Amino acid sequence: MDDLDRRIINTLQKGFPICDAPYRRVAASLNLTETELLARLQNLLDDGTLTRFGPLYNAEQGGGALTLAAVKAPAERLDEIAEIINAFPEVAHHYARNHALNLWFVLATETPEQLAKTLAAIAQQTGLTVYNLPKLKEYFVNLHLEA
Amino acid sequence: MDDTDRRLMRASQAGLPLTPEPYQTLAEQLCLSKDEVMQRLTAMQEQGLIRRIAAVPNHYRLGYRFNGMTVWEVPDERIDELGLKVGQLPFVSHCYHRPRHLPEWPYNLFAMVHGKTQAEAEAQIRQIADLLGAHNRGHDVLYSTKILKKTGFRSGQSAG
């Protein structure tokens, strides 16, 4: 990752225009050609520097449901439990954390019913208690991190 | 959000096409006009159905190795006021009220912090503690040790 990559990441974290040729417009603001920007962006996605690029949907406002959940996976079953959880397409994010509750994951579904069903299925397949921690209120969300 | 919006969401939630005219590409996939795709995306953004069209970086790859989920036990009757204040700190990326699971999990206020060094993250945590003052009845910090999955939100049966 060089300085140009950093500028691209910082610019694209803030937003992206809706117009006929949006890459060309952003490229011009960075003194790049459209082709250069597209190639750089493809590389940043391919090498995992960017996990995603596109519309960031707010699942709940579209009638969908979202929650944060955690389990206490015994150390000797950690990999197995992580795999069971990751196999659910409803799991959008999943992190290992340094706590007795050591696996934390975000579930996103199109309906609240699917959410309850998925949580129950994870509990059943892992044999673990699933702690359900849906947000009761959102005070702030800003995903921008300076590259 | 109607059925066409939902189709547009399914077609674009994994990513915007990396083509010179990405909205035209989406339109062709969905048998819509480019104008309709652009109008619908604009409307969804105005309604908050789309937070924004943007890039999401891997924190670790940008050098943010200390990503802490800080969790705080604060009085329920003060949480909205405190949550808004914590959310305004410049280094907090997400701030939420979530339910307690007593007795094991007493924490009701969650704030994500990101540091390039442990000292940086710890200084951020101290600032939150100072801000909460006597309302902080206990807290913990859970650092992520590994990203096990980060695909973003997918919906629909073909998702995976």
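**Exercise 1. Is Asn31(A) buried or exposed, and what is its phi?**

Solution. This is a predicted model, so let us work from its coordinates.
- Step 1: count the neighbours. Asn31(A) has 9 C-beta neighbours inside 10 Å.
- Step 2: apply the cut-off. A residue is exposed if 12 or fewer other C-beta atoms lie within 10 Å of its own, so Asn31(A) counts as exposed.
- Step 3: look at the backbone. Asn31(A) is not a glycine, yet its phi is positive, about 60°.
- Step 4: Asn31(A) sits in the loop between α2 and α3 of chain A.

**Exercise 2. Turn to Cys31(B): in which loop is it found, and is it buried or exposed?**

Solution. 
- Step 1: Cys31(B) belongs to the loop between α2 (22–30) and α3 (34–46) of chain B.
- Step 2: its phi is positive, about 55°, although Cys31(B) is not a glycine.
- Step 3: with 7 other C-beta atoms within 10 Å, Cys31(B) is exposed.

**Exercise 3. Describe the build of chain A: how many helices and strands does it have?**

Solution. 
- Step 1: chain A holds five helices and six strands.
- Step 2: read from the N terminus, their order is α-α-α-β-β-α-β-β-α-β-β.
- Step 3: consider the dimensions. The C-alpha trace of chain A spans about 55 × 35 × 25 Å along its principal axes.
- Step 4: compare with a globule. The radius of gyration of chain A is 19 Å, whereas a compact globule of 147 residues would have one near 15 Å.
- Step 5: look inside. In chain A, 33% of the 147 residues count as buried. Of its contacts between residues at least 6 apart in sequence, 56% join residues at least 24 apart.

**Exercise 4. What are the domains of chain B?**

Solution. 
- Step 1: the domain assignment gives domain 1 (3–46) and domain 2 (60–143) of chain B.
- Step 2: the C-alpha centres of these two domains of chain B are 36 Å apart.

**Exercise 5. How many residues of chain A are in contact with chain B, and which element gives the most?**

Solution. 
- Step 1: 62 residues of chain A contact 63 residues of chain B.
- Step 2: elements that each supply at least two residues to the chain A side include α1 (3–14), α3 (34–46) and β1 (50–57).
- Step 3: β1(A) gives the most, with eight residues.
- Step 4: sorted by class, the chain A side has 33 nonpolar, 19 polar and 10 charged residues.
- Step 5: look for strand pairing between the chains. β3(A) and β5(B) (residues 139–150) run antiparallel, joined by five bridges. Arg97(A) stands opposite Ser144(B) there, in β5(B).

**Exercise 6. Which residues have the most contacts inside the largest nonpolar core?**

Solution. 
- Step 1: recall that, in soluble globular proteins, nonpolar side chains tend to be buried together.
- Step 2: the largest core has 50 residues, and those with the most contacts inside it are Ile9(A), Leu12(A), Val86(B), Cys95(B), Leu109(B), Phe110(B) and Ala111(B).
- Step 3: follow Val86(B). Leaving aside residues up to four places away in sequence, Val86(B) touches several residues, among them Tyr139(A), Val92(B) and Ile128(B).
- Step 4: another core, of 21 residues, lies apart from it and includes Ala70(A), Val71(A), Ile85(A) and Val130(A).

Definitions and conventions:
Residues are numbered from 1 along each chain as its sequence is written. Chains are lettered from A and ligands numbered from 1 in the order in which they are written. This is a predicted model: local features need pLDDT of at least 70, side-chain atom pairs count only at pLDDT 80 or more; totals for chains, interfaces and linings use all residues. Domain bounds come from an automatic or database domain assignment. Two residues are in contact if their C-beta atoms, placed from the backbone, lie within 7 Å. Helices (H or I, at least four residues) and strands (E, at least two) are DSSP runs, numbered from the N terminus. Ala, Val, Leu, Ile, Met, Phe, Trp, Tyr, Cys and Pro count as nonpolar, Asp, Glu, Lys and Arg as charged, and the others, Gly among them, as polar. Two strands pair if DSSP finds at least two bridges between them. A nonpolar core is a set of buried Ala, Val, Leu, Ile, Met, Phe, Trp, Tyr and Cys residues joined through C-beta atoms within 7 Å. A residue is buried if 20 or more other C-beta atoms lie within 10 Å of its own, exposed if 12 or fewer, and partly exposed in between; C-beta atoms are placed from the backbone. The radius of gyration is taken over C-alpha atoms; the globule rule is 2.2 Å times the number of residues to the power 0.38.
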